[in-house]
Amino acid sequence: MAADLVAGVGSYTLQQIADYLGAELRGDPGTEIRGLATLEGATGSDLSFLANPAYRKHLSDTQAGAVIVAPQVAGDCPVNVLVLDNPYLGFARVTRLFDDRPWPDAGVHATAVIADSARVDPSASVGPNCVVGADAVVGARTVLGAGTVIGDRSSVGEDCYFHPRVTIAHAVRIGSRVIIHSGAVIGSDGFGFAPDGGKWEKIAQIGSVVVGDDVEIGANTTVDRGALDDTVIEDGVILDNQIQIAHNVRIGAYTAVAGNTAIAGTARIGRNCTIGGQSGIAGHLEIADNVHVGGMSMVIGDIREPGAYASGTGSLPMAQWKKCVVRFRQLEDIARRLKALEKKAGE
């Protein structure tokens with residue numbers, strides 16, 4: 001069982017880190033670790049890691065105080081090692097020990113505006129120029145960065161961290177241990193309009209947004225409220241920067257969506273999926289659990305089986321790409337001529 005350590009202390013012995021990670025230590029347990037670094041840039045007081053085989057060439061020359069490695073390469077490391085089956089996961093966990101993110105003291109800044117009917121836990125931190133609306137709830141130890149807005153009747157759970165200028169619209173429900181980065185808007189109106197003789201009649205978006213526990217939402221990402229039912233982001237979902245989630249979308253637990261992706265209304269994405277950057281997901285479709293969509297893909301139909309899918313075109317030298325474009329334009333004519341030849345051959 002991994003040991004508990006207090007983050008932000010500044011330095012730890014290698015034995016402390018080994019206990020924290022549950023790693024096998026080979027080397028000097030008293031080595032002092034003051035930071036993290038790459039294999040190339042590390043000094044004797046830094047901890048590094050090797051997860052990607054492409055960087056193994058740097059292992060023999062590293063000056064790190066220690067390296068987190070897999071068992072099969074531990075014998076090739078010239079310095080202290082922490083042996084784990086998953087070095088990248090170990091690195092992810094140890095980064096939190098050296099995270100110097102400021103965590104504000106509890107209390108409400110003098111410039112914040114808190115509605116009389118709002119309930120803000122005394123252990124929460126509400127920063128400058130925040131607004132907490134009527135009947136809103138802010139849970140224990142949650143941090144609201146400067147300029148953050150929590151709309152009327154919205155609720156935010158415990159141990160959340162909202163960076164400056166996050167906007168939570170009315171009647172949104174957010175779980176515990178949720179991180180939301182600056183510029184994100186949760187609960188804005190969905191894009192719902194009915195045509196009316198060349199004009200558009202706005203459809204009131206009377207659903208809401210429900211965000212589960214342990215979710216992270218990137219900067220300038222928008223999650224629209226539902227038209228009737230709620231838009232739902234399940235537990236453990238991670239959303240990158242500048243993503244558009246339309247109304248009534250549901251994203252299953254522990255799915256990851258990379259930047260600049262747009263997901264149209266009422267799409268259903270399963271659990272443990274990954275969606276590559278700049279992808280487009282059409283509306284009213286379903287994606288099964290454990291589906292992995294490559295970057296710049298356009299998903300226009302249901303994906304009912306787990307696996308990897310892609311539709312983007314990889315980069316080519318410019319001259320070759322121009323030739324391919326010409327061929328693309330000729331495909332219909334080529335298909336028609338081929339069909340005619342096949343018909344003639346069959347006569």
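**Close-ups of a predicted model**

View 1. Ten strands make up an open sheet, paired in parallel in the order E9-E12-E15-E18-E21-E26-E29-E32-E35-E38. Strands here are DSSP E runs of at least two residues and helices are H or I runs of at least four, numbered from the N terminus; two strands pair if DSSP finds at least two bridges between them. E9 (113–114) and E38 (298–299) sit at the edges with a single partner strand each, so one side of each has no neighbour in the sheet. This is a predicted model, so to speak of local features we need pLDDT of at least 70, and side-chain atom pairs count only at pLDDT 80 or more, while totals for chains, interfaces and linings use all residues. Residues are numbered from 1 along each chain as its sequence is written, and side-chain values use heavy atoms, with hydrogens and water left out.

**View 2. Zooming in on E18 and E21.** E18 (residues 167–168) and E21 (residues 185–188) run parallel and are joined by two bridges. Look for Thr 167, which stands opposite Val 185 in E21.

**View 3. A stacked Phe pair.** Phe 49 and Phe 91 have ring centres 4.0 Å apart and planes at 15 degrees, so they count as stacked. (Rings of Phe, Tyr and Trp, the last by its six-membered ring, pair if their centres lie within 6.5 Å; planes under 30 degrees apart are stacked, over 60 edge-to-face, the rest tilted.) The two come from distant parts of the chain, 42 residues apart: Phe 49 from strand E5 (residues 46–49) and Phe 91 from helix H2 (residues 87–95). Tyr 88 joins them in a cluster linked by ring pairs. Phe 49 is partly exposed at 22% relative accessible area, and Phe 91 is partly exposed too, at 24% (buried is under 20%, exposed over 50%, partly exposed in between, with a 1.4 Å probe and protein chains only).

View 4. Arg 177 and Asp 213 meet through their side chains at 3.9 Å, N to O (a salt bridge puts a side-chain nitrogen of Lys or Arg within 4 Å of a carboxyl oxygen of Asp or Glu). Arg 177 lies in the loop between E19 (173–174) and E20 (179–180), and Asp 213 in the loop between E24 (209–211) and E25 (216–217), 36 residues apart. Arg 177 is partly exposed at 42%, as is Asp 213 at 26%.

View 5. Arg 336 and Asp 333 form a salt bridge, with the closest N and O atoms 3.3 Å apart. They are three residues apart in H3 (residues 318–346), about one helical turn.
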